Amino acid sequence: MKRLLAFFVYWVYWILFFQVARFVFFLFNLNDQGNSGMALLLRSAVHGFKLDLSVATYLSVIPFIIFLFSFCLDRKLYFSKFLNIYHLIILGILCLIVVADAKLYTYWGYKLNDSVLVYLKNPSGATASVSGLEVLIIFLVVAALFYFFYLIWKRIFVLFKHWMDKSWPAFAAGLLLLGMSIIPVRGGIGNVPLSISDAYFSSVPFANHMAVNTVWNLGYALTGKEIDFDKYKLIGEKEANDLFAAYKGDESNRAISKTGRPNVIMIVLESFTAGAVESFGGVKGLTPNLDALMKQSVSFIRCFSSGDRSEKGLASLFTGFPSLPKGSILEYPEKAAALPNILSDFKKAGYRTGFTCGSDLSFANVRSLLYNGGIDVIKEKKDYKKAYPESKWGYHDSYVFGEMLEDLKTVAQPFFYTVYTISSHDPFKVPVTSGYSGVNGDFFNAIRYTDSCLGVFILGLKNQKLWENVILMITADHGIRRPNFCAVNDPEKFHIPLLIGGGYMDTAFVDSSPCSHTDIPYTLLGLANIESKSDYPFSRNLMNAQADPYALIYYNEGTGFIGRSDTVIYDIKMEQFIKGKEGSRDSQRKMFAYLYKLTEAME
């Protein structure tokens, strides 16, 4: 029992350390708290607890491994000394990290991240704005924190000496607990691993930053991404600037909506490739409701997702920022937080903003994307008052649309609300069957199910008298290789539906010009008659006829250009064209110019 107690106490020790560290952060940044005070500290501790558990488990794994070695080699004295030295070194480093983070936040306004490496190369630059008194204060706080937890450690270390006595039951328990440690490390047993979004709970950045575990955040920043953006500069700066300036060049206005402040609903359909929608050149008869709505809407039949994953598509939809050749902008929390966001622009115009889904928004930092925009209401799986039948990824679409309709009965107008579906996500298991079989049977069945849910939702909007004053935009978060199992770099994989309808729209037509996720922010703001002061450099208003329309797609270490009449695919890693090598030099240069500006924005 003492052996198990030693591990548990050590684990709790580190959890306590991170609560004290959060309190230190709280004290250093009193000016950022407004009137919230201790209540904000407690809320941040609750929401950041999963990250605290994860790091505490990481740190506690070492004693387990030491125990296993000491048991097998019967050298408990040596390993006991090693454990003590290891702990004191780690404790000293972590004390320095959490205090430095608390102080630097007062200057930077964001958590300690991989930019610390830059300052380690130039220590004078890191201390240039810090007075001698402040350095002394930091040193004293680090020393006090270290001494306090050193005293606690001395008592815990006695337990570890007992823990290392040779015992087969203790050895078995050690193996078992070592295996189980993966649960708190990844944040549970669900499909979605732990991410920084698990700590986000407020539209106030400081509240979220206080909740985020400093050590977890730094570890993520140092190990989560290592991209040399210079390798994406495949064209000269002047040429890139000239070509990109033309990207948002001549436009001719097409007045297709009324004046005033309409309500806006954005429906994002999971994995809803255009290959499954007849009106967009896909399989016949799968989506009768979407096809019927297309006849009453402005439809963009050559729209392409910027990336190939949900977080990439959602980031583009809300910020107008493209996917990256490797990863997503959401992997860079500070840069993502600095982007313009249509949620913020709608709020400034007096709109109530909300996001509804049946899944868990912890994946890939999506929750932080919404809070960065200052969203008013987020309703995800954990927020539902009752449980519904669900798939592997969350509640089925019929229930999510139903919850959305219920919420819209009482929401203040005007509103900008988004509903994000999940049932058409692989493995495509839904509560009804439409009789499809074969290799695409489950996929077709899921698409048909989501389309039927969409039809019920539209009917509900009309019954609730919301239809006449609504702009309804429907698209997908990304495409997939189905139904034809195309190549990963085939534009067909990125082809998605995009239509804009609703009673507020005055006209319906089909536009065959290529466009992208990134064009949606400016388009929606324009339709709602909102003049944004934010700069969305990669977004264009699709309601204006473009002189030179084209779309860019990104996959792992690759990019593609889709113009009116040609397509270029380039593999960055192999440094060669996959498609469009001959006769498409103008398109190649435009693609490289766009990539250059994207790279420039990430530096």
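This is a predicted model: local features need pLDDT of at least 70, side-chain atom pairs count only at pLDDT 80 or more; totals for chains, interfaces and linings use all residues.
Visitor: Which strands of the open sheet stand at the edges?
Guide: The open sheet has 8 strands in mixed pairing, in the order β6-β5-β7-β2-β8-β10-β3-β11. Each edge strand has a single partner strand, so one side of each is left without a neighbour in the sheet. The strands at the edges are β6 (377–379) and β11 (509–511).

Visitor: Which residue in β8 does Ile267 stand opposite?
Guide: Strand β2 covers residues 263–269 and strand β8 covers residues 470–476. The two pair in the parallel sense over 7 bridges. Opposite Ile267 stands Ile474.

Visitor: What angle does the direction of helix α18 make with that of β7?
Guide: Helix α18 (residues 397–408) packs on the sheet and touches β2, β5, β6 and β7. With the direction of β7 (415–420), the angle is about 165 degrees.

Visitor: At what angle to β8 does helix α21 run?
Guide: Helix α21, residues 520–527, lies across β2, β7, β8 and β10. Relative to β8, the angle is about 170 degrees.

Visitor: Which elements give two or more residues to the lining of the largest pocket?
Guide: The largest pocket has a volume of about 770 Å³ and is lined by 34 residues. Nearest its centre lie Arg309, Ser310, Glu311, Trp393 and His425. The elements asked for are α11 (214–223) and α14 (310–319).

Visitor: How many residues in the lining of the largest pocket are charged?
Guide: By class, the lining of the largest pocket includes 14 nonpolar and 10 polar residues. The number of charged residues is 10.

Conventions:
Residues are numbered from 1 along each chain as its sequence is written. Side-chain values use heavy atoms; hydrogens and water are left out. Two strands pair if DSSP finds at least two bridges between them. Helices (H or I, at least four residues) and strands (E, at least two) are DSSP runs, numbered from the N terminus. Contact means heavy atoms within 4.5 Å. Axes are lines fitted to C-alpha atoms, for helices over the stretch in contact, and angles run from 0 to 180 degrees between N-to-C directions. On a 1 Å grid over the protein atoms alone, a cavity is a set of points where a 1.4 Å probe fits but cannot get out, and a pocket is an open set with protein on both sides within 12 Å along at least five of seven lines; lining residues have an atom within 4 Å of a point. Grid points are joined across faces, edges and corners, and a volume is the space filled by probe spheres set on the points. Ala, Val, Leu, Ile, Met, Phe, Trp, Tyr, Cys and Pro count as nonpolar, Asp, Glu, Lys and Arg as charged, and the others, Gly among them, as polar.
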